[in-house]
Every structure is written in C-alpha cells, then in structure tokens.
Amino acid sequence: MIRDKFGKTQANKTQAKLPKGVIAVAPPSFRRERGLIKRGVWPVAGCDEAGRGPLAGPVVAAAVVLDPKRIPKGIDDSKRLTAERREELFEVICATASFSVAFASPARIDRDNILRASLWALKRAVEGLAEAPKHVFVDGRDRLNTCCDCDAVIGGDGIVVSIAAASIIAKVTRDRLMRALAEECPGYGFESHKGYSVPEHLEALDRLGPSVHHRRFFAPVVAAREKHQPWTIERKVDLFEIETPATIPAAI
C-alpha cells in the first residue's frame, strides 16, 4: 500500500489497473535455484510432466537446467500461457537451457498406474540430462528417487521458474505428439483435445471404440472396450453364481 499527500492509504498503481475481482499472480522466480547456487550447489534442475489426466497418449516428463545468465523472459506455468506463447518459449528454452524429455507409454500406465508411471518418467527425464544435477525441484507432492537431493514443491510450476520451464517443454512436446497421433488415428480429435475426457472424445470413443493409444483401465475406455471389445474385459468369478452339485453323504 502507498499513501497519498493527505496520508490516506491507496492501492499501488499495478493493483489499481487490474479489473475488479482479478487477483494479480506473481510469476515463478529463480529464488530457490539462486539460493542453492550461493551454497555451491549446481546444476539445479526443475522437472514436471504433462498428460496425467487424459484418456489417451503417454505422460511426457521434462527436466530443465536453466542458464542463470540467460533465463528467458516470460516463463510461467504452462497452464497460464496461450498455445502460441508456449511454442515461442519452448524454442527459446531449448536454445538456452539444458533439457531432457522422457515418456511413459499407455502400456506402462496400464501396468504400473498413472502415478507410478509419471514418477518413473520424471526420474528418467532427470537421468537423461547431459550433466547430472546436484539438486532437483519437482512439481507436486512426491519426491523422486534420484541420486541427488530432491524437493517436491506443490504448485511448483507457478513458483519455481525451472519447474515452469519444464512444464512448457513437457506440454509442447506432448501436444505435438498428440497432433501426430491424430494423423495416425483419425476420428478421435486428438489434435484438438489432446486425449482429454471432453464430450467430443467420449463420443468418438463410444462410436469407434478404443485405439492402441488409449489407456485401457481409465473408466471411459473400459466402457468403450465393453461395447466394442468385450473379449478384452476380464470377468471376475462370482462364487455365489456357481452352481455346485449337492453331495450325498455316504451311508455309514
């Protein structure tokens, strides 16, 4: 707050320009990374994933080590950016930072569950960096089982700029991949909804059945399998429905 010439408090100019009801959100910063650098800890990586929620396609994980002297301006949580701005920042980050990308396929998701598959991909992304980091920041609640220290930061893609950079790399990479899968599997609309559970996708699933890129055990995909591929559904035996012949005790 600031005071006018009469001593009354006023909102600062930045807040005054915001539309009523809109709350200013601070962009992610390099503060945590800089604190580690001052202690001699470097490289420091940020990592994040894209694609936990969709019904189709892989989870894409990215790890990024930013150059402290060349941090691109405008890096933010990928969800706060337009697709066009993400594409622009993707190119700049790739040109100025060290990064690695890893994928968890639908088959791995089906086998391990979505959380384990995501953590596996994040660890692989960290291990794929050209120079092993001395510290890792990861978005979310779960720390990674890495050879270096790791901090899990809830909402990290909006707090730690290295995580935000990783979120952009992961998101743009996955979006490009889903557009490619749309050409391979036309009719599902992957190019627009990127595999998420929107009405257009659910309608296509009901009409066409699952593709090889769908996650077999996500509920809407299971329903589509029951309709189009019932032989793929494993039925559990209900012991109360099994008729057993009555046994006649032997005469004594």
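Hi everyone, and please keep in mind that the model is predicted.

Let's start with salt bridges. The count for this structure comes to 15 salt bridges. One of them joins the side chains of R70 and D67, at 3.3 Å from N to O. How exposed are these two partners? R70 is partly exposed, with a relative accessible area of 44%, and D67 is partly exposed too, at 24%.

Another salt bridge pairs R85 with E88, and here the closest N and O atoms are 3.0 Å apart. Both residues sit in helix α3, which covers residues 83-96, and because they are three residues apart they are separated by about one helical turn. If you are new to helices, here is a handy rule: an α-helix has 3.6 residues a turn, so residues three or four places apart point the same way. R85 is partly exposed at 31% relative accessible area, and E88 is partly exposed at 44%.

R176 forms a salt bridge with E91, with 3.1 Å between the closest N and O atoms. Where do these two residues lie? R176 is in helix α6 and E91 is in helix α3, so this pair ties together parts that are 85 residues apart in sequence. R176 is partly exposed, at 33% relative accessibility, and so is E91, at 44%. These two also belong to a network of salt bridges that links E87, E91, R176 and R179.

While we are on α6, let's look at the helix itself. Helix α6 runs through residues 161-184 and has 24 residues. From its first C-alpha to its last it reaches 35 Å, close to the expected 34 Å. Is α6 mostly covered or mostly open? It is mostly covered, with 17 of its 24 residues buried.

R215 is buried yet has no salt bridge. The nearest side chain of opposite charge belongs to D110, 6.8 Å away, and a salt bridge would need a nitrogen and a carboxyl oxygen within 4 Å.

On to the rings. The structure holds one aromatic pair. Y188 and F190 form this pair, and they are stacked, with 5.4 Å centre to centre and 10° between the planes. Y188 counts as buried at 6% relative accessibility, and F190 is buried at 0%. Elsewhere, R108 lies over the face of W120, at 3.6 Å from the ring centre.

Finally, some backbone details. Most residues other than glycine have a negative phi, and most peptide bonds are trans. Let's see the exceptions I picked out. A cis peptide bond joins W42 and P43, with omega about 5°. P43 lies in the loop between α2 (31-38) and β3 (44-50). N113 has a positive phi, near 90°, and sits in the loop between α4 (106-112) and α5 (114-127). K194 also has a positive phi, near 60°, and is found in the loop between α7 (190-193) and α8. Which of them is buried and which is partly exposed? N113 is partly exposed at 36%, whereas K194 is buried at 12%.

Note on methods:
Residues are numbered from 1 along each chain as its sequence is written. This is a predicted model: local features need pLDDT of at least 70, side-chain atom pairs count only at pLDDT 80 or more; totals for chains, interfaces and linings use all residues. Side-chain values use heavy atoms; hydrogens and water are left out. Buried means under 20% relative accessible area, exposed over 50%, partly exposed in between (1.4 Å probe, protein chains only). Lys and Arg count as positive and Asp and Glu as negative; His and the chain ends are not counted. Helices (H or I, at least four residues) and strands (E, at least two) are DSSP runs, numbered from the N terminus. The expected span of a helix is 1.5 Å times one less than its number of residues. Rings of Phe, Tyr and Trp (its six-membered ring) pair if their centres lie within 6.5 Å; planes under 30 degrees apart count as stacked, over 60 as edge-to-face and the rest as tilted. A charge sits over a ring if NZ of Lys or CZ of Arg is within 6 Å of the ring centre and within 35 degrees of the ring normal.
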